[in-house]
Amino acid sequence: MCAASSLPEPITADPPGGVSHPLLTQSWLDLAFIHWTVDPEDVKPLLPAGAVPDTLDGVTYVGLVAFRMHRVGWFRLPGLPYLGTFPETNVRLYSVDEHGRRGVVFRSLDASRLVPVLIARTGFRLPYLWSRMTIRTDGDVVSYTSSRRWPGPRGAHSRIAVRTGERIERPTELEHFLTARWGMHSTFFGRLRYLPNVHPRWPLHRATLLHCDQTLTAAAGLTGELGDPVSVLYSPGVPVRFSRPTRPAGLSTP
């Protein structure tokens, strides 16, 4: 059974380091963060070997995050205006490895551009899926739709609408825990890798969930009843830089 051998790194609103030679650049815009509490024991089987659920006050979370990916680029090259710009909705869990590095594990990433989906699936082994998607803004209401096309389950969907509210001047520890994640855990050719990222501090806003009809969390393996979300946030977005994956995060002896 996997177990973290180091205490988790502190929860920080700002990245713990920098990225001098970025592997990827992009911006995340018009984000809706919707979160539910889940039992860490229910999440364990959904994480890659070498990672365990990251918890706060004994519970962990599943996030449904809808946003606009903007101008994905390689290294220091300009981001692509068409292929690198598209709506995305992901289902993510919260993880920590035996080096204490906090991160996220993506259970699914729905995107509306087929070419980036194929590149991410084949080159990075990430669970990207091709979907029909829209993002619309009407005053202070932002609506996101997604309907999966390939590889499935076909028709897995989300229809979300949030009303944005006031800027959060002092985010809580939970709000930092759910948004200030400075890396991603993913299995690559059988080994757990950690892909660090940096970006400015999140500009977070209160948000009211007006509508949420979704089957993406169930399709991602969270089949239990989630109930009402415990946190709904909005952000206009941040520019992001990813560095190269670090050394394997290590596998604990069973």
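**Salt bridges, strand pairing and local backbone features**

The structure holds ten salt bridges. It is a predicted model, with a mean pLDDT of 91 over the protein and 92% of residues reaching 70 or more. Residues 248–254 have pLDDT under 50, and for this stretch the model has 22 contacts beyond four places in sequence. Where pLDDT is low, the predicted coordinates should not be read in detail.

Side chains of opposite charge can pair when their charged atoms come close. One of the salt bridges joins aspartate 30 to arginine 68, with the closest N and O atoms 3.4 Å apart. Aspartate 30 belongs to strand 1 (residues 24–38) and arginine 68 to strand 3, so this pair ties together parts that are 38 residues apart in sequence. Aspartate 30 is buried, because its relative accessible area is 18% and the cut-off for buried is under 20%. Arginine 68, at 25%, is partly exposed.

A salt bridge is also formed by the side chains of aspartate 54 and arginine 102, at 2.7 Å from N to O. Aspartate 54 is in the loop between strand 2 and strand 3, while arginine 102 is in strand 5; the pair therefore ties together parts that are 48 residues apart in sequence. Both aspartate 54 and arginine 102 are buried. Between aspartate 213 and arginine 159, the N to O distance in the salt bridge is 2.5 Å. Here aspartate 213 lies in strand 11 and arginine 159 in strand 8, so parts that are 54 residues apart in sequence are tied together. Aspartate 213 is partly exposed, with a relative accessible area of 28%, and arginine 159 is partly exposed at 37% relative accessibility. Salt bridges with shared partners join Asp54, Arg102 and Arg181 into one network.

Strand 5, which holds arginine 102, spans residues 102–111; nine of its ten residues are buried, so the strand is largely enclosed by the rest of the structure. Strand 4 (residues 86–97) and strand 5 run antiparallel and are joined by nine bridges. Within this pairing, serine 95 has glycine 103 of strand 5 as its bridge partner. Strand 4 and strand 5 form a hairpin with four residues between the strands, in which glycine 100 takes a positive phi near 85°. Strand 5 also pairs with strand 6 (residues 128–138), in the parallel sense and over three bridges. In that pairing, alanine 111 stands opposite tryptophan 130 of strand 6.

Strand 8 (residues 157–167) pairs with strand 7 (residues 141–150) in the antiparallel sense over seven bridges. Valine 142 has valine 162 of strand 8 as its bridge partner. Six residues separate strand 7 and strand 8 in their hairpin, and glycine 152 in the turn has a positive phi of about 125°. Strand 8 is also paired with strand 11 (residues 205–214), antiparallel and over eight bridges. Alanine 161 stands opposite histidine 211 in strand 11.

Most residues other than glycine have a negative phi, and most peptide bonds are trans. The loop between strand 7 and strand 8 contains proline 151 and proline 153. The peptide bond from tryptophan 150 to proline 151 is cis, with omega near 0°. The bond from glycine 152 to proline 153 is likewise cis, with omega near 0°. Aspartate 57, although not a glycine, has a positive phi of about 55°. Aspartate 57 is found in the loop between strand 2 (51–53) and strand 3 (60–74) and counts as exposed at 75% relative accessibility. Arginine 125 is a residue other than glycine with a positive phi, near 60°. Its place is in the loop between helix 2 and strand 6, and at 38% relative accessibility it counts as partly exposed.

On the surface, Leu83, Val115 and Ile119 form a nonpolar patch, with about 230 Å² of accessible area together. Isoleucine 119 is part of helix 2 (residues 114–123) and is partly exposed at 44% relative accessibility. Serine 231, by contrast, is buried at 8% relative accessibility. Serine 231 lies in strand 12 (residues 231–242) and, leaving aside residues up to four places away in sequence, touches Phe33, Ile34, His35 and Leu178.

Technical notes:
Residues are numbered from 1 along each chain as its sequence is written. This is a predicted model: local features need pLDDT of at least 70, side-chain atom pairs count only at pLDDT 80 or more; totals for chains, interfaces and linings use all residues. Side-chain values use heavy atoms; hydrogens and water are left out. Patches are made of residues with over 30% relative accessible area and no salt bridge: like charges are joined within 9 Å, nonpolar side chains (Val, Leu, Ile, Met, Phe, Trp, Tyr) within 5 Å. Accessible areas come from the Shrake-Rupley method with a 1.4 Å probe; for residues, only the protein chains shown count as cover. A salt bridge is a side-chain nitrogen of Lys or Arg within 4 Å of a carboxyl oxygen of Asp or Glu. Helices (H or I, at least four residues) and strands (E, at least two) are DSSP runs, numbered from the N terminus. Buried means under 20% relative accessible area, exposed over 50%, partly exposed in between (1.4 Å probe, protein chains only). pLDDT is the predictor's confidence in each residue, from 0 to 100. Contact means heavy atoms within 4.5 Å. Two strands pair if DSSP finds at least two bridges between them.
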